[in-house]
Amino acid sequence: MAALSFSEGDLLCPQCSDIYYLPVLLNCGHNICRFCLKKFWEWKGCRECPVCQAVSVIGRPPINLELKIAADEYQVLKTRSTRDVCRVHNEELNIFCHNDLEPICLLCQTSNQHKVHECSPVEEAATQKKKEISAMLESLRKHLRLLNMTKVQWEETKLYIQSQVNHSEAAIKEEFEKLHVFLREEENSRLKLLRQEEQIKTQVMCEKLENIQEQIKTLYSTISEVEGALRAKDLTFLQDYKQTHKRVKCTIQEPQCIRDILINSAKHLGSLRFEVWKKMASTLTCVPITLDPNTAQSNLKLSEDLTCVQFSSKQLLPDNPERFTSRVCVLGASGFTSGRHSWMVEVGQGKDWHIGVARESIKRRSTVFLNPSEGFWVIGVSNGDSFWAQTSPRTKLVLKQKPEKITVQLDNDKGKVVFINEADSTIIYAFKDRFTERMFPFFSPGLSAEGKHCSQLIICPQTVVLNIESHMQ
């Protein structure tokens, strides 16, 4: 080793008396720590050797590489030998104290500080502690793998968020474009009616003006002829008197009073926005609830307006906490903590489905039974003709008429969930319980009898009724 070619004294800086750190070689042959030399030169104000005062040439003194390597190796050896020896007794550290978690010597073990402590030989303790640290290290590795997996999932979620934004943005623009088209068509229709009224009433006025212009022309002619007769000689005037008198006594029509000739501005402008909105409302549908795509199991496909759900091929969706993985189902987007709420579901000819309500805290990633104890108040059908209320145990339902549309009525305050067959307005089943948290509409579609075509569950639109109240003073 390089350190062995130098004595301990050769490895000490003459300026700081410590082991060399980056030793530089001066022209005079002496070695000095570079930092020590810099400080000395700054204090001295000249470039002379701290040992022999010989003046050094201008320039940076080179590092003595051989001496540096030797000094570094000696520093390592010195540190290692110091760590292997007890600082108090200068004895070999061959015992490990399990209480203080540190190596000690035999003298330390018999001292008051350690004599009641649990101790063992260094080799035995090292084996034991390495197993402990290895186990802890494996736990850290598992946690690292979990973090890396989570990072990948979150990166996928970030990308999915952007795709959701792009899809929603396109859908919003499409819906507003439909509204814009409706408004433009309604604007053109109303402007067309205005122009038609203008054309009709302008035509009437043109005819009236033409008629009165003709009357004015005739009257001008009569007045001119009568004035000429008055200027004639008496005999001539009297000779023509009978004819002149006839002209003066001609029947003159009074100008007609034209009613309703002005543009009916009240018709075109009165409550314009309200009338357009009322007409728009007649073209729209309103559903009491919509489906929440963030809760839908990955095999479910939702319609663009989030009112229809059916079984489909598996989709790549984020594994967010709200999403179901244990059951093929989806929740409504709105939850209820109080009041009465109802919605109608079209089940059609579906052979396997469940509808109802579920509480917010239901398990979404482990298999559970669809019953009230697990947080579900639902009814369903299996094999197309077996209807069940999902109680514990299940209750078989006997129906006079197979339902195609079912109304679900939720009364949070009274703790009731009622299912009504719209075909004959009969109650299919009613749950009575106590609800202590937010309740969400629940939907689980199934396959048709052939298993080829997926049945759908559709939330039916409600009838929009516009009530106008008049306030009398």
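This report describes the overall form of one predicted protein model and then several of its residues.

## About the model

The model is predicted, and local features are reported only where pLDDT is at least 70, side-chain atom pairs only at pLDDT 80 or more, whereas totals for chains, interfaces and linings use all residues. Residues are numbered from 1 along each chain as its sequence is written, and side-chain values rest on heavy atoms, with hydrogens and water left out.

## The chain as a whole

The protein chain contains 8 helices and 18 strands, where helices (H or I, at least four residues) and strands (E, at least two) are DSSP runs numbered from the N terminus. The radius of gyration of the protein chain is 51 Å, well over the 23 Å that the globule rule gives for 473 residues, so the chain is more spread out than a compact globule; here the radius is taken over C-alpha atoms, and the rule is 2.2 Å times the number of residues to the power 0.38. Along its principal axes, the C-alpha trace spans about 170 × 90 × 50 Å.

Of the 473 residues, 28% are buried, a word that stands for under 20% relative accessible area, while exposed stands for over 50% and partly exposed for values in between (1.4 Å probe, protein chains only). The accessible surface of the chain comes to about 32,800 Å², and 54% of it belongs to carbon and sulfur atoms; such areas come from the Shrake-Rupley method with a 1.4 Å probe, and for residues only the protein chains shown count as cover. Among contacts (heavy atoms within 4.5 Å) with a separation of 6 or more, 57% join residues 24 or more positions apart.

The chain carries 61 positive and 58 negative charges, whose mean positions are 4 Å apart. In this count Lys and Arg are positive and Asp and Glu negative, with His and the chain ends not counted, and each charge is placed at NZ of Lys, CZ of Arg, CG of Asp or CD of Glu.

## Buried residues

Thr 295 lies in the loop between α8 (272-283) and β6 (300-302), and with a relative accessible area of 3% this threonine is buried. Its side chain reaches the backbone oxygen of Asp 292 at 2.9 Å, which is a polar contact, meaning a pair of N or O atoms within 3.5 Å; within protein, one atom must be able to donate a hydrogen and the other to accept it, and residues adjacent in sequence count only if both atoms are side-chain atoms. Leaving aside residues up to four places away in sequence, Thr 295 touches several others, including Glu 322, Phe 324, Val 330 and Arg 364.

Glu 197 belongs to helix α4 (residues 122-231) and counts as buried at 11% relative accessibility. A polar atom of the Glu 197 side chain lies 2.9 Å from the backbone nitrogen of Asn 264, and beyond residues up to four places away in sequence, Glu 197 touches Leu 262, Ile 263, Asn 264 and His 268. Phe 419, in strand β15 (residues 416-421), is also buried, at 0% relative accessibility; its C-alpha atom is separated by 73 Å from that of Phe 96, which is 323 residues away along the chain.

## Partly exposed residues

Lys 405 is found in strand β14 (residues 405-411) and is partly exposed, with a relative accessible area of 36%. Although Lys 405 and Cys 460 are 55 residues apart in sequence, their C-alpha atoms are 8.6 Å apart in space, and Cys 460 is one of the residues that Lys 405 touches.

Not counting residues up to four places away in sequence, Asp 10 touches Tyr 20 and Leu 67.

## Backbone features

Most residues other than glycine have a negative phi, and most peptide bonds are trans. Asp 260, by contrast, has a positive phi near 55°; this aspartate is in the loop between α6 (241-248) and α7 (265-269) and is exposed, with a relative accessible area of 71%. Ser 425 likewise has a positive phi, of about 60°, and lies in the loop between β15 and β16 (426-432), where it is exposed at 60%.

The peptide bond from Ser 392 to Pro 393 is cis, with omega near 0°, and Pro 393 is placed in the loop between β12 (386-389) and β13 (395-397).
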